[in-house]
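Have a look at the sequence and the 3D structure below. The report then walks through charges, strands and loops in turn.

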Amino acid sequence: MKKATFLILPFAALMALASCGEKAPYVEPDMSRDDSKVASTLYVNKIENIPEGFIMGMDASSVIAEEASGVKYYDFDGKEADVFETLSKAGINTIRVRIWNDPYDSNGKGYGGGNNDLAKAIEIGKRATKYKMRLLVDFHYSDFWADPAKQQAPKAWVGMNIEEKQEALYKFTKESLQALQDNNIAVGMVQIGNETNGGHMAGETRFTYFSALVNQGSKAVREVYPKALVAVHFANPEKTGNYADYAKKLDENHVDYDVFGSSYYPYWHGTLDNLSTVLDGIAKTYSKKVMVLETSYAYTTENTDFWGNTIGESGYDTKAYPFTIAGQANNVWNITNTVVNKMSNGIGICYWEGTWISVGTDSYDANKLLWEKYGSGWASSYAKSYDPEDAGKFYGGCAVENQAMFDETGHPLESLKVFNLMRHGNITEKYIDGIEDANLSKYTYEEFTLPSTVNVIYNDNSREAIPVKWDDFDIEAAKAKGNGKYDIQGTAGGKEVHCYLTILEKNFLENFGFETGSLGPWKLTFNNDIPQSNSYVVKVTKENPQTGEYNMNFWANDPDTLDFNIEQDVEGLEPGVYKFQASLMGGGANNSPAEADKQDIYIYAKLNGVEVARKDAEISSYNVWKDFLIENLQIKAGDKLTVGVHVASTQAGVWGSIDDCMVNYVRAL
């Protein structure tokens, strides 16, 4: 698809074109509807106190590319229907759509991900308005995906200074919004940037520059859609202090905005209690509205388009909900209840890309042709001219079709009805929807048995302990082998269940799992002159521990920043042979893998200050913990043993965790 011509016309010419012919006056849609008699098999408790006008949003940015690829959508009666009508009838009152400045290469080939330019937004906006829904406009101010790891400036803005970029952002925002209004599209909210962690946006990394850019976008919104809310959008609420710092800097820089919005994916972003605490604090301190601008949840682990999914069964031993239709609905219910009843000024929730499904189920080759031609995959090969290191290498299909609210044939899932049902409740028969796995961490000298019960999860998200029968497992033999991890299968309630058992030997390290909540005897050393900041953090947190509640966590938003050591001295050991082991896990931005060729990670051991052993280590993907071991450390009387972990990476957005470091006695000399 070619670029829309109004994207490159000057503002005066755009307005002249818009004024040609007679146009109906802009009218706000009638948002009222009767959703009190929805029939459903979902078990949904009524959420009290949902205010009138509460935003029930759905990001549907990929619909146009999906339909061009041959996807058909159906209503709940099995009849082919406009997907926006189905969404409206299901209780959605706001459609979110991203806008990229110029998502095409020099030959007019789209980068993919929906090829979401202004023309797509206008088409989606017309259909949303037709079915009494407002548009939530999500400006990325990039030509392709913008997120915490990537905030690349549009091609046309490269080389601009900050003053020129402010003018360009204002002009692009105003012209885009004016085009939407000239098409009688109801816009209720405008995002100035997408997941702009640390104040990174449009190639800028200084918060003062970010603030100036946001104010230019806000100015444009106020001029074209004065009743629309202006939102800022960040991710990673689980990272301690980040949101409070962002809100403080927004206030100090006198940024004009109405809504502090957050992404919240339960796989990565901590607990709902933490989310409510963080956003409620911002709402009360700065008198801002708050909402969840992105969330989603898998209803299945199945991959239907021959392209790997972001979320699946592998590597996810614990989940907030079962990967089922009821689990998906319960994710929406719990977030909505949190926003409504546990936050001040909570105004809404928006589900991300619930309409992005497989373009075909026949073959990878057939789907690839569609992804490339219509941009219905997450990225096409043409994106390499703009984003060579990510999209240019890993382009392909949809990685989130198992988190959509339509199945692979385009029929709506029962979970889509949750948006209506939350207002009124729908009590049905309860059934077991899933079973929680058990997790145990025990020392070799402890006497223990496997748990006699596990929790079943019902379709109403309640839990109850039921008996479990484990497969034969010799605990004493496992203890005799020393440090080890075991996946023990069992049966409960007629379903398969797992016990993930970790065996630990006597450990001569103090605070080996950082369970004091601090470094304790560990020494942290930075090997460069880059201080910790909101985009470079190494600290003890509760984020992603392997065992217990704490671990050492690190994160570097910018490239070429991560480079540190942690180490601990161990004195007074009895003579003998010892071993040192440490566990690491991590990945790249947005659940992408950590790049091995950009890592310099290893564990090491010193005797009396001299390094005697080193073992290469690595991080790969979320929740994929790996153990790294140094053996045959021969300790004599009076020796001081020092053990440590060195972590360095040049990758932007890289992050990880260190946990369960162990020094164990093996045998006499």
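## A network of charges

Asp59, Arg96, Asp138 and Glu294 are linked in a network of salt bridges. A salt bridge here is a side-chain nitrogen of Lys or Arg within 4 Å of a carboxyl oxygen of Asp or Glu.

The model is predicted, so local features need pLDDT of at least 70, side-chain atom pairs count only at pLDDT 80 or more, and totals for chains, interfaces and linings use all residues. Residues are numbered from 1 along each chain as its sequence is written, and side-chain values use heavy atoms, with hydrogens and water left out.

## Salt bridges in pairs

How many salt bridges does a search of the whole structure find? The search finds 31. One of them joins glutamate 80 to lysine 72, with the closest N and O atoms 3.9 Å apart. Glutamate 80 counts as exposed, at 52% relative accessibility. Lysine 72 counts as partly exposed, at 44%. These words have cut-offs: buried means under 20% relative accessible area, exposed over 50%, and partly exposed in between (1.4 Å probe, protein chains only). Accessible areas come from the Shrake-Rupley method with a 1.4 Å probe, and for residues only the protein chains shown count as cover.

Lysine 393 and glutamate 389 also meet through their side chains, at 2.9 Å from N to O. Lysine 393 is partly exposed at 46%. Glutamate 389 is partly exposed at 43%. Another salt bridge joins aspartate 627 and lysine 485, at 2.8 Å from N to O. Aspartate 627 lies in strand S23 and lysine 485 in strand S14 (residues 484-492), so this pair ties together parts that are 142 residues apart in sequence. Helices (H or I, at least four residues) and strands (E, at least two) are DSSP runs, numbered from the N terminus. Aspartate 627 has a relative accessible area of 35%, which makes it partly exposed. Lysine 485 is partly exposed too, at 37%.

## An open sheet

Strand S14 also belongs to an open sheet of four strands, in the order S10-S15-S14-S13, with mixed pairing. Strand S10 (438-443) and strand S13 (469-470) stand at the edges with a single partner strand each, so one side of each has no neighbour in the sheet. Two strands pair if DSSP finds at least two bridges between them.

In which sense do S10 and S15 pair? They pair in the parallel sense, over six bridges. Within this pairing, lysine 442 has isoleucine 503 of S15 as its bridge partner.

## A negative patch

Strand S15 (residues 495-504) also holds glutamate 496. Glutamate 496 counts as exposed, at 55% relative accessibility. Together with Asp471, Asp472 and Asp487, Glu496 forms a negative surface patch.

Patches are made of residues with over 30% relative accessible area and no salt bridge; like charges are joined within 9 Å, and nonpolar side chains (Val, Leu, Ile, Met, Phe, Trp, Tyr) within 5 Å. Lys and Arg count as positive and Asp and Glu as negative, while His and the chain ends are not counted. The place of a charge is NZ of Lys, CZ of Arg, CG of Asp or CD of Glu.

## An enclosed strand

Is strand S20 enclosed or open to the outside? In S20 (residues 576-587), 12 of the 12 residues are buried, so the strand is largely enclosed by the rest of the structure. Gly576, Tyr578, Phe580, Ala582, Leu584 and Gly586 point one way. Val577, Lys579, Gln581, Ser583, Met585 and Gly587 point the other way.

S20 runs antiparallel to strand S23 (residues 626-635), and eight bridges join them. There, glutamine 581 stands opposite leucine 629. S20 also runs antiparallel to strand S25 (residues 654-667), with 10 bridges between them. Glycine 586 has glycine 656 of S25 as its bridge partner.

## Residues in loops

Glutamate 353 is found in the loop between strand S8 (346-351) and helix H10 (364-374). Its phi is near 50°, a positive value in a residue other than glycine. Glutamate 353 is buried, with a relative accessible area of 0%.

Aspartate 560 sits in the loop between strand S18 (551-556) and strand S19 (562-570). The phi of aspartate 560 is positive as well, near 60°. Aspartate 560 is exposed, at 52%.
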